Amino acid sequence: MIKIAIAKGDGIGPEIMEAVLKIFDAAKVPLEYQFVEMGKWVFDKGFNNGMTPDAKNTIETLGILFKGPMETPKGKGVKSINVTARKTWNTYANKRAFQTLHGVDTVFSEAGISIDLTVVRENIEDTYGGIEHMLTSDVAISRRIISKPGSEQVIRYAFEIAKQKSAKRISCAHKANIMKLTDGIFLNTFYEIAKEYPELKADDIIVDDLCMKLVTHPEIFDVLVLTNLQGDIISDLCAGLVGGLGFAPSANIGDDICIFEAVHGTAPDIAGRNIANPTALLLSGIAMLNHLGLTASAATIENALLYTLENGNHTGDFGNKSIPSLNTTAFADVIIRNFGKVPKTNSKKVTVDHPKQQFVAKLNENLMMETVNAPKESIAGVDFFIQCDRQPNEVAKIAEMYNSDRYKLINISNRGTQVWPAGSMYTNLVNQYTIRFESNDNLGLSQQEIVELYAKVIKDFKVCSVETLLLLDGNKAYSLAQGQ
Ligand code: NAI
């Protein structure tokens, strides 16, 4: 028996979890469940991370959490338990498999176009750090963190998935034409890792082009790997291609802890009525069984599910309206009755189970992931984000007075667009500028010199934020303003 932690979740969570566990039990899946306390009601009891210490301990011991959707209380300043769980336990890859399900009509299934897409989304970094600040009462800033080690973890996982799937293609989607450093790291890392998998066709695509191609020719893609926010949007787009959120499973994969859940939320509008569609949670459960080596159980259940759908059985949210819909429990019962049946298309081969408990390493300290042979760093200059509602020339006149034999004012930008030394009267301004100073020579600046410059700037302006300008192996590692 493999032990896993289960959190039933909020809203429709308990109903769909009950249906899925009934199917697992009927299939005699060799799993032992430990139910843990997580969700809105745990927040309400005063646990600010939405889980009890016991729940945390159980999950960190067993390494597998199978969870129903959970609600984040609104307006209490608490962070989403779903995002917190994924980040705390470093489930760095979010894998979602989308395939044509016969019986679930879509424009593509009706056109005879078969979809089999796997989206691997980075799960920790990007704007999901939720690191945001108001610089002035008019201007907010969000930090988008993309790291090389973080990108390596998820991209390597995506290549492994592509290999297992015998994928015809693995594509990295990005916006590196605009975000040259953040998406640049992700894209460069993708091609570095691609060299280790010469048997796979690896290519890249700008994310907006991907959106257009996914809705016109979804069949040309196989495995996609993306950063967190872009991956979030693309995953939901792909869910729409195969019939909607009711059919979108998700696996959050880490080296120690993995979380399996449906993509959809708690569906408060239909909660408590036993009418929710359990398919997405069941598909997530099937992914969990495969992950644990329980491939025979997974194949039996998946074949029964596909057969059930093929034969027109459906809950109220999808399917042929001329066939009466089933409630959650009845839908699960039909799947159970269909054990041993094989669907006409996409049937899975039932082999034997190779059970493996998730291995959770015992750690005494946090893992520091750092690139070996890192490039040589020096400081070329500094950006001061200042609050000011004057015209660019007036700002420049003051800031140029800070010039010294060590550094000088290079440019001034507003919302990333250069407004000094050259600019346009047609650039609208907000009350927050960035003034950039660079070293006069290639010796660079010291932190002490930056502090001295800071002391000059605050005499005239409110400084909202400071960013040093790095040179890595002598190359500029910061963006230029538009028009610079
Ligand atoms: P939602 O996914 O709960 O609902 C969107 C629409 O889809 C609703 O009309 C709902 O009835 C329908 N729907 C969703 N799942 C269904 C199912 N299995 N069967 C039939 N119909 C289904 O999204 P919404 O309303 O934006 O969020 C509700 C709550 O869920 C929020 O508190 C949100 O924070 C939470 N949430 C939790 C997630 C998680 O635990 N991973 C993910 C997304 C949202």
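Guide: A residue here is called buried under 20% relative accessible area, exposed over 50% and partly exposed in between, using a 1.4 Å probe and protein chains only. This is a predicted model, where local features need pLDDT of at least 70 and side-chain atom pairs pLDDT 80 or more, while totals for chains, interfaces and linings use all residues. Residues are numbered from 1 along each chain as its sequence is written, and side-chain values use heavy atoms, leaving out hydrogens and water.

Visitor: Is Thr434 buried or exposed?

Guide: Thr434 is found in strand E16, residues 432-439; strands are DSSP runs of at least two residues, numbered from the N terminus. Its relative accessible area is 12%. Because that value falls under 20%, Thr434 counts as buried.

Visitor: Which strands stand at the edges of the open sheet of six strands?

Guide: Happy to walk across! The order is E15-E14-E16-E13-E17-E18, with antiparallel pairing; two strands pair if DSSP finds at least two bridges between them. Each edge strand has a single partner, so one side of each is left without a neighbour in the sheet. They are E15 (417-420) and E18 (475-476).

Visitor: How far is an oxygen atom of the ligand from a polar backbone atom of Met70?

Guide: Met70 is among the closest of the 20 residues that surround the ligand, counted when a heavy atom lies within 4 Å. A polar contact is a pair of N or O atoms within 3.5 Å. For Met70, the distance is 2.8 Å.

Technical notes
Polar contact = N/O pair within 3.5 Å; in protein donor to acceptor, adjacent residues only side chain to side chain. Helix = DSSP H or I, 4+ residues; strand = E, 2+ residues; numbered from the N terminus.
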